[in-house]
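Welcome! Please have the sequence and the 3D view open, and try each exercise before you read its solution.

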Amino acid sequence: MASEPEHRAGVVALLGRPNVGKSTLFNALVGEKLAIVTPKPQTTRSRLLGIATLPHAQLVLIDTPGWQQGTQPLHDALNRLAEQAARGCDVAAVLADLRSGWGEVEAALAAGARSGGAPVIAVGTQRDRAPAAPPAWPPPAETGLAAVLTLSARTREGLAEFAAACVERLPVSPPLFPADELSDRPLRFLAAELVREAAFQELAQELPYALAVEVVEFDEKRADLVRVRADLLVERISQKKIVVGAGGAMIKRIGIRARREIEMLLGTKVHLDLFVKHEPGWAKRPNRLKSLGYY
Ligand SMILES: Nc1nc2c(ncn2[C@@H]2O[C@H](COP(=O)(O)OP(=O)(O)OP(=O)(O)O)[C@@H](O)[C@H]2O)c(=O)[nH]1
Ligand SMILES: [Mg+2]
């Protein structure tokens, strides 16, 4: 009688510099868009747990903020999150954009995205838009890495191979979460993130970084319509003017985009009200960062 493979389960941390594609890979593996993704670096501000349940394994994925070089309390907090994820995982996946090559993996490792003894898999991302002949990466034997592989989270090429490389290195264990669970975060937090994603996409340059989003009301009493009220916090009055826009045009655009995304997440109609609030120094107070979910 052929024996079933043993069930494996454990934590896989996705680490690397901003914009390499950690959140996109996370969503592709979880099979739902839980993590927000934008073309701008430093999109992710929190440790997000996502669950990928496979036939004989469960990957508990941790999406992390990209490694930050700033010195503000927000940057410190984000770097701490990535460090904690690296220390507490069974497999550390260090991602680098294939277009920038091997140096980015080295930099991420040097910057502290090291695992506390867990095997490290180096992952070259965005293979679909990398040059035909990407820069050569050294073989794992020379680097102490458990494996080196490449993939595209967008086209899903190489995704199954990456999952298999992780599973192989996870401990034998029953599933850690129920098979139908996808994340440890409440829907209201995920909704706040989708508002932040819309703002990142609509606003130019530096402004998105001065902005936080807090969902202050999330009413699911009606089965066919969820009411969401969210505040967009900005640090300066001048920023408030830009986020509201002439005649409210900008906040309206952000709202339309965010509502579409929240409706997809919840699978119902959504009524979304957005307010722009001036809250100086939100990014400087550790307790405030925590209450906003950036921990
Ligand atoms: N073509 C292509 N684009 C990708 C792929 N993966 C990510 N991207 C794009 O790269 C940009 C950054 O992706 P994210 O997933 O937000 O990157 P991240 O590493 O989570 O970034 P931070 O949260 O800022 O650290 C987005 O515009 C993505 O759409 C891929 O496999 N192919
Ligand atoms: Mg991200």
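Predicted model: local features only at pLDDT ≥ 70, side-chain atom pairs only at ≥ 80, totals over all residues.

Residues are numbered from 1 along each chain as its sequence is written, chains are lettered from A and ligands numbered from 1 in the order in which they are written, and side-chain values use heavy atoms, with hydrogens and water left out.

**Exercise 1. Aromatic rings**

Task: Find how the rings of Phe200 and Tyr209 are arranged.

Solution: 
- Begin with the rule: rings of Phe, Tyr and Trp (its six-membered ring) pair if their centres lie within 6.5 Å, and planes under 30 degrees apart count as stacked, over 60 as edge-to-face and the rest as tilted.
- A search of the whole structure gives 2 aromatic pairs. In the pair of Phe200 and Tyr209, the ring centres are 5.4 Å apart and the planes stand at 80°, so this pair is edge-to-face.
- Next, look at accessibility, where buried means under 20% relative accessible area, exposed over 50% and partly exposed in between (1.4 Å probe, protein chains only). Phe200 is buried at 1%, while Tyr209 is partly exposed at 22%.
- Now turn to another ring, that of Phe189: the charged end of Arg185 sits over this ring, 4.0 Å from its centre. Such a placement requires NZ of Lys or CZ of Arg within 6 Å of the ring centre and within 35 degrees of the ring normal.

**Exercise 2. Salt bridges**

Task: Work out which parts of the chain are tied together by Asp184 and Arg47.

Solution: 
- A salt bridge is a side-chain nitrogen of Lys or Arg within 4 Å of a carboxyl oxygen of Asp or Glu. The structure has 17 salt bridges.
- Asp184 and Arg47 form one of these, with their closest N and O atoms 3.2 Å apart. Asp184 is in the loop between H5 and helix H6 (187-202) and Arg47 in the loop between H1 and strand S2 (48-54), so their pair ties together parts that are 137 residues apart in sequence. The helices (H or I, at least four residues) and strands (E, at least two) are DSSP runs, numbered from the N terminus.
- Arg253 is partly exposed at 44%, and Glu202 is buried at 18%.
- Finally, Glu214, Glu279, Arg285 and Arg288 are linked in a network of salt bridges.

**Exercise 3. A glycine in a loop**

Task: Is Gly66 buried or exposed?

Solution: 
- Find Gly66 in the loop between S3 and H2.
- With a relative accessible area of 4%, Gly66 is buried.
- Beyond residues up to four places away in sequence, Gly66 touches Gly16, Arg17, Pro18, Lys22 and Asn79.

**Exercise 4. Helix H2**

Task: Compare the span of H2 with the expected span.

Solution: 
- The expected span of a helix is 1.5 Å times one less than its number of residues.
- H2 (residues 73-87) has 15 residues and reaches 21 Å from its first C-alpha to its last, close to the expected 21 Å.
- Among the buried residues of H2 are Leu74, Leu78 and Leu81. Their cover includes strand S1 (8-16), strand S3 (57-63) and helix H9 (286-291).

**Exercise 5. Positive phi**

Task: Where in the chain is Gln126?

Solution: 
- Most residues other than glycine have a negative phi.
- Gln126 is not a glycine, yet has a positive phi of about 60°. Its place is in the loop between strand S5 (120-125) and helix H4 (140-143).
- Arg156 also has a positive phi, near 70°, and is in the loop between strand S6 (147-150) and helix H5 (159-168).

Technical notes
Contact = heavy atoms within 4.5 Å.
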